[in-house]
Amino acid sequence: MEASSSRGWSGSAARKRRRGAGACSGSGSMAQSLNDDILRSVFSRLDDHFDLARCAAVCSSWNRIIVTANLMRELYYKRNPPAGGSSSNISVKSYFEALAMDEHTSSLYSGPADAYQWIGHPMSFFFFCFRATLCRMRGGSILTGVGDKFLRLWSAETCKFMNEYNVPNAKTLVDFNFDENKIVGLTNSQICIWRRSEPISIFQSGGASFNHGLCMSFADPEVVIGCEDGRAFVYDMYSRSCSSIYRLHSSPVTCLTITDDQLILGGSTFGNVAIADQTSGQKLGVLKSAYAPLAIRSLSFNTNSHMVFAGSSAGYAHCWDLRTLKPLWEPRVSPNVIYSVHHLPGDTATLAVGGIDGVLRLICQRTGDIIRSIIVDTVCPAESTSRSRHQIEKKRVREVALGAQVDNISTRLRPQITSLSVGMKKIVTTHGENYIRVLKFRPKKS
């Protein structure tokens, strides 16, 4: 009886040890045999926040030791000692945000990258190939669509399908964006709103407010719609009515963005960017290019630096200081149309640019210089990483030498980039085809 009991206890202990070893991601019985004091001493010797964070993610016991011992905070104060015994000038939260932004910047500047591609908008039963022409990325999610009757939501990390949203009344969207709660889409004459959790639109505006909508931007509670006649309509999503109208241009409004100060910036086919103030209801000024007339195709505003970035139809990338309304730089970075420019919110170093020549370029926000140019190698056999209902292929990323003749690169390697969006160490691109790509960057090993 005693022997049986002993064997039963030993088997149970062995199972617990095996479970514990697995929980620590292969650390094995040696790591499990270390007590909390020893582990705390080991962890306290790490001098990199990211290494400490990775250890905290291994298992619950390691996480508990790191959190209860305040090792993250101790490492922070070790690197940022308070001057003269006073409290540090920078908060722990701000410090970690700066660390993450530094890693994002260094990864985009010089880190290796992998491309993940999948068919996100497949063929219909009638053999009509749906196309994704626009993409947006926010909070770890990607939204794609416009070329068909659906918007689709994906995980930026795993590329897995998350949800689908039907465009009502067989309308065709021309623009869209989303936040953590809802999706806002624009058709030629309507605003449509979806809850993130529901596939059916919960609201459609009447068609009388505006006509021939071309682009939109939204910041709760308002949506701004740029129209073919040069006007911008401000639509209140809660009162469901048009609250104001601005005459931005005498030509079509091609792209829009809204600043935190309630300024509306609208690009035009004449190469100018008009500025209107929602608070005063006045048009404040115009950002002009030395190379006008050319069409402004995309806008991006950096809240931290007050810089306005644009891509144009002649391949120029533009930058203005919103405080002075003066241009800072506008080099020609591409031989053809630039369809999309974007940067990670909070990043004051890099700007991603893509267009008809299919080369993804990363540009320095301060100087306009090209940091690196990238294409995806579709010739080499792809590695399948599919773990969902659609096949995900891993493809190799190739660098394009500065000054290289783009025309000498096969168009198979550089399909046009119709839209791009930047997330933390990631860039998602669409190409007017049925597939979607996510480029994931990693820090360069020292």
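This is a predicted model: local features need pLDDT of at least 70, side-chain atom pairs count only at pLDDT 80 or more; totals for chains, interfaces and linings use all residues.
Covering residues 191-195, strand 8 is mostly tucked away, with four of its five residues buried. Strand 7 (residues 182-186) pairs with strand 8 in the antiparallel sense, and five bridges hold the count for that pairing. The two make up a hairpin, with four residues between them. Within this pairing, V184 sits opposite I193 of strand 8. Strand 8 also has strand 9 (residues 203-204) as an antiparallel partner, here joined by two bridges. I193 turns up again in this second pairing, where I193 stands opposite F203 in strand 9.

Four strands build it, in the order 18-19-20-21, and the pairing is antiparallel. Strand 18 (296-302) and strand 21 (326-329) are the edge strands; each has a single partner strand, so one side of each goes without a neighbour in the sheet. On average, and ignoring direction, neighbouring strands here are turned by 30° against each other. As for the pairing of strand 19 (residues 307-312) with strand 20 (residues 317-321), five bridges link the two in the antiparallel sense. One of the facing pairs puts M307 opposite D321 in strand 20.

Then there is V397, which belongs to strand 27 (residues 392-400). Is V397 buried or exposed? Its relative accessible area comes out at 16%, and because the cut-off for buried is under 20%, V397 counts as buried. Setting aside neighbours within four places in sequence, the residues in contact with V397 are A113, D114, A115, I374, I375 and L439.

Last up is the second largest pocket. Rolling a water-sized probe over the atoms shows where empty space is left. The second largest pocket holds about 170 Å³ of space. Which residues line the second largest pocket? The lining consists of D48, H49, F50, D51, R54, R79, L99, D102, E103, S106 and P443. By class, that lining splits into six charged, three nonpolar and two polar residues. Helix 4 (49-56) and helix 7 (92-110) each contribute at least two residues to the lining.

How values were computed. Residues are numbered from 1 along each chain as its sequence is written. Side-chain values use heavy atoms; hydrogens and water are left out. Buried means under 20% relative accessible area, exposed over 50%, partly exposed in between (1.4 Å probe, protein chains only). Contact means heavy atoms within 4.5 Å. Two strands pair if DSSP finds at least two bridges between them. Axes are lines fitted to C-alpha atoms, for helices over the stretch in contact, and angles run from 0 to 180 degrees between N-to-C directions. On a 1 Å grid over the protein atoms alone, a cavity is a set of points where a 1.4 Å probe fits but cannot get out, and a pocket is an open set with protein on both sides within 12 Å along at least five of seven lines; lining residues have an atom within 4 Å of a point. Grid points are joined across faces, edges and corners, and a volume is the space filled by probe spheres set on the points. Ala, Val, Leu, Ile, Met, Phe, Trp, Tyr, Cys and Pro count as nonpolar, Asp, Glu, Lys and Arg as charged, and the others, Gly among them, as polar.
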